[in-house]
Amino acid sequence: AYLLLTLGALVMVGPFVWMLSTALKLPANHFDRSLIPSPATLDNFRQLWAKLPFTQLIINSLSIAFLSTVGQLFTCAMAAFCFAVVRFRFRQALFVALLGTVMLPPQITLVPNFILFKWLGLVGTQAPLWLPAFWGGAFGTFLLRQYFLTIPFDLAEAARVDGASLPQIFFQIYLPLARPALAALAIFSFLNSWNDLLTPLIYLPSDLEKTTLTVGLALFQTQYSGRWTVMMAGALVSVAPMIAIFFVAQRQFIEGIALSGVKR
């Protein structure tokens, strides 16, 4: 089993190793099959910053992804708490209706959302890229609800007997106990926002000072087609934050996914 897992890990890591190797090669050696660049150079990264304002693009992507993650954690956690703990009429029917929205492709809501944001005067700003995250989401609500169901309901009942309100139970009991699930949802939300290409192209089509890193890389690929060493340097810059976040929160991420489908 360990041998098979090791082989699978090597297959998954292989493209990242090739990307790092190509990013450190000279343009004349980008078809070289050797994984160790000889000689190694950082000139590809310098060219990357010389062609596009990559520092500003990274800052834009980080700020938008951060706001989107905060919005998803805040709204999905409250909705999940209501569906898992609070008893109210038509609770199951509303939850099933919410899950039904997962089957709707996001492209269906592009036109209505664009009309809404145009009416609000937000087209051309970064708000349409992170504001919808504060409207909640079916996947995040489902993930956190399943985790909240693993928390003994006796804790909430005991807190109500002691005079605690629902907000106090939510913030002081359930949120601290749901850190693994929150970490998992945070990684998913950050990753989705970081890799989003379609939404910035719709609301920020040509403004490099406001758009995201994914749009900058797509623009660079169009204008400088064939410069694979520089493209791999840009791809490495793009995936580096996500790799770092995953390794920092790896334990909480795995624990949150593993326990979200278990009901005690």
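Author: At 34% relative accessibility, Cys82 counts as partly exposed; buried means under 20% relative accessible area, exposed over 50%, and partly exposed in between, using a 1.4 Å probe and protein chains only. Keep in mind that this is a predicted model, where local features need pLDDT of at least 70 and side-chain atom pairs count only at pLDDT 80 or more, while totals for chains, interfaces and linings use all residues. Residues are numbered from 1 along each chain as its sequence is written, and side-chain values use heavy atoms, with hydrogens and water left out.

Reader: How many disulfides does a search of the whole structure find?

Author: First the general idea: a disulfide is a covalent bond between the sulfur atoms of two cysteines. The cut-off here is a pair of cysteine sulfur atoms within 2.5 Å. A search of the whole structure finds zero of them. Cys76 is in no disulfide, and its nearest cysteine sulfur, that of Cys82, is 12 Å away. Cys76 is buried, with a relative accessible area of 0%.

Reader: And salt bridges? How many does the search find?

Author: Side chains of opposite charge can pair when their charged atoms come close. The test is a side-chain nitrogen of Lys or Arg within 4 Å of a carboxyl oxygen of Asp or Glu. The whole structure gives one salt bridge. Asp43 makes it with Arg46, and the closest N and O atoms are 2.7 Å apart. Because the two are three residues apart in helix α2, Asp43 and Arg46 are separated by about one helical turn. Helices here are DSSP runs (H or I, at least four residues), as are strands (E, at least two), numbered from the N terminus. Asp43 is partly exposed at 27%, whereas Arg46 is exposed at 52%.

Reader: Which residue has a positive phi although it is not a glycine?

Author: Most residues other than glycine have a negative phi, and most peptide bonds are trans. In this model, Phe90 has a positive phi of about 60°. Look for Phe90 in the loop between α3 and α4 (91-100). Phe90 is exposed, with a relative accessible area of 55%.

Reader: Where does UniProt place the feature "transmembrane region"?

Author: The unreviewed UniProt entry puts it at residues 57-86, 93-117, 129-148, 169-191 and 228-249. UniProt positions use the numbering used here, feature names are shortened, and annotations may be inferred rather than shown by experiment. In the model, residues 57-86 are 93% helix and 0% strand, with end C-alpha atoms 42 Å apart. Residues 228-249 are 95% helix and 0% strand, and their end C-alpha atoms are 31 Å apart.

Reader: How do I read contacts, say for Ser189? Which residues does Ser189 touch?

Author: Contact means heavy atoms within 4.5 Å. Leaving out residues up to four places away in sequence, Ser189 touches Thr69 and Gln72. Ser189 sits in helix α10 (residues 179-195) and is buried, at 9% relative accessible area.

Reader: What does Ile245 touch?

Author: With the same exclusion of residues up to four places away in sequence, Ile245 touches Ile187 and Phe190. Ile245 and Phe190 are 55 residues apart along the chain, and their C-alpha atoms are separated by 9.4 Å. Ile245 lies in helix α13 and is partly exposed, at 29%.
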